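Please have the sequence and the 3D view open.

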Amino acid sequence: MMLLVSHAFFFGSDAMTNDNRVGMVHSPIKRNAIWNLYQSVLMHKSFAKEFDRCAQTLQSYKEPVLSKEQAADFVLIIGESFNRHMSNLYDGAYDTNPRLRQRLAGGRLFVFRDVIASDNGTTQNFKQFLSTASVGETRQWCDAPLFPLVLRRCGYNVVFLSNQFAGAEMDKRFNASMGFFNDPRIASLLFDYRGTRTFAYDEQLVTYYEQQRKTLEQPKRNFVIFHLYGQHQRASERFPEGDTYFKSGDIRSTLNLSEAERQNVADYLNATRYNDLVVDHIIRLFEKRNAIVLYFADHGEEVYNYRHQLGRTDLATDVPRAKREQLDVPFLIYLTPSYAAVHSDMVARLRAAEGRPFMTDDLPHVIFDILGVRSREFVAAKSLINAQYQAPRKRLLQIKKWYE
């Protein structure tokens, strides 16, 4: 009887409750095959409800909107699993970002020093930073317009290429990874074009865009989204063998790392340096255009930074220090010469904002601010670069805990 009661505790009516109970209670009666199957069924139902609400929200969004920016392109690059403390654009000890550091010296690359993700999972972050709703609002992500729809209403040509969620993944409408992108009621409203191919390495995705850009772009006001594979595990698979720079013997650590662990760190650093090459390649594609390029990562990753841990954990039950490694992300904005020449005010605004604390759930408000989008969805107090920005004293994460 006690065994049945114990099992019942972990088999509640919704997936989030069950997951929280698993995190709180240490017991062998959890995460078994039956539990995982039950959770999958609950998550499928939960996704379906969210997708229905999202589709309904998008279809009913009729607000007349416009953008003051009538010429510039905007390039949004979404990285993957990038712990900014492993980058020498920040406080990293290894030369992982030589190309972007060179651009930093040019004065048109702005590095924001205190930006975090609202969760350590790709799906959760995508939902939240695409939505104009913020974490902690009464509205859920699916009850507010997603920003690509607003930009399309402003006249932007929105192109989305992902090196993770395309091809066969597009057949999985309720895929736990990124299923809402595969719902035709949603995707058709968000994008003028969505990529259908993935590649072994991120630079191949960029080269593909370069080859196809004449058919994908309009003469001006393109909003192009690149979603990279970045440094996602396994990091050794994220860069070509010819781009190996760091070796296990280069790794310095206060931890007593094994040879295999040192190699894991070296692989991550190589993936980060390769990511530097990819991001710089994208910038070069738009260098001679009137354009803004914004790069950030969906979340961070632990790579034996202060303990023997590789990857991400349950932050709801982990120690506070884990949030620093798994949530602290790079956030960069680059202005091309032609854009900077006619937007000296934007240069000053970006420079003034580099040290402000920010969370990526409010990304749409920064984009709307840069492009001068006039919409009831734009809140100046949520835009990192706005003089009215209200920097949060604390940042509430999706797990209902504070970042500390």
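Axes are lines fitted to C-alpha atoms, for helices over the stretch in contact, and angles run from 0 to 180 degrees between N-to-C directions. The model is predicted.

## Helix α4 against α9

Helix α4 spans residues 98–105. Its axis comes within 7 Å of the axis of α9, and the two cross at roughly 50 degrees. Angles of 65 to 115 degrees count as roughly perpendicular and those under 35 as roughly parallel. α4 is therefore oblique to α9.

On the α4 side, P98, R99, L100 and R103 make the contact. On the α9 side, R273, D276, L277, V279, D280, I283 and R284 take part. By class, the contact of α4 with α9 holds six charged residues, five nonpolar ones and no polar ones.

## Helix α8 against α9

Helix α8 covers residues 202–216, and helix α9 covers residues 259–286. Their axes lie 9 Å apart, at an angle of about 10 degrees. The cut-off for roughly parallel is an angle under 35 degrees, so α8 and α9 are roughly parallel to each other. The crossing of α8 past α9 is left-handed.

Which residues of α8 meet α9? They are D202, E203, V206, T207, Y209, E210 and R213. Their partners in α9 are Y274, L277, V278, H281, I282, L285 and F286. Eight residues of this contact are nonpolar, two are polar and four are charged. L277 of α9 also takes part in the contact with α4.

## Cavities

How many cavities of 30 Å³ or more are there? The count is two. The largest cavity holds about 40 Å³ of space.

The lining of the largest cavity consists of F82, S87, L89, N97, L100, N275, V279, Y295, P330 and L332. Seven of these residues are nonpolar, three are polar and none is charged.

By class, the lining of the second largest pocket has nine nonpolar, five polar and five charged residues.

Key
Residues numbered from 1 in each chain as written. Predicted model: local features only at pLDDT ≥ 70, side-chain atom pairs only at ≥ 80, totals over all residues. Heavy atoms only, no water. Helix = DSSP H or I, 4+ residues; strand = E, 2+ residues; numbered from the N terminus. Parallel < 35°, antiparallel > 145°, perpendicular 65-115°, else oblique. Left-handed = near helix turned anticlockwise from the far one by under 90°. Contact = heavy atoms within 4.5 Å. Nonpolar A, V, L, I, M, F, W, Y, C, P; charged D, E, K, R; others polar. 1 Å grid on protein atoms, 1.4 Å probe; cavity = no way out; pocket = protein on both sides within 12 Å on 5 of 7 lines; lining within 4 Å. Points joined across faces, edges and corners; volume = space filled by probe spheres on them.
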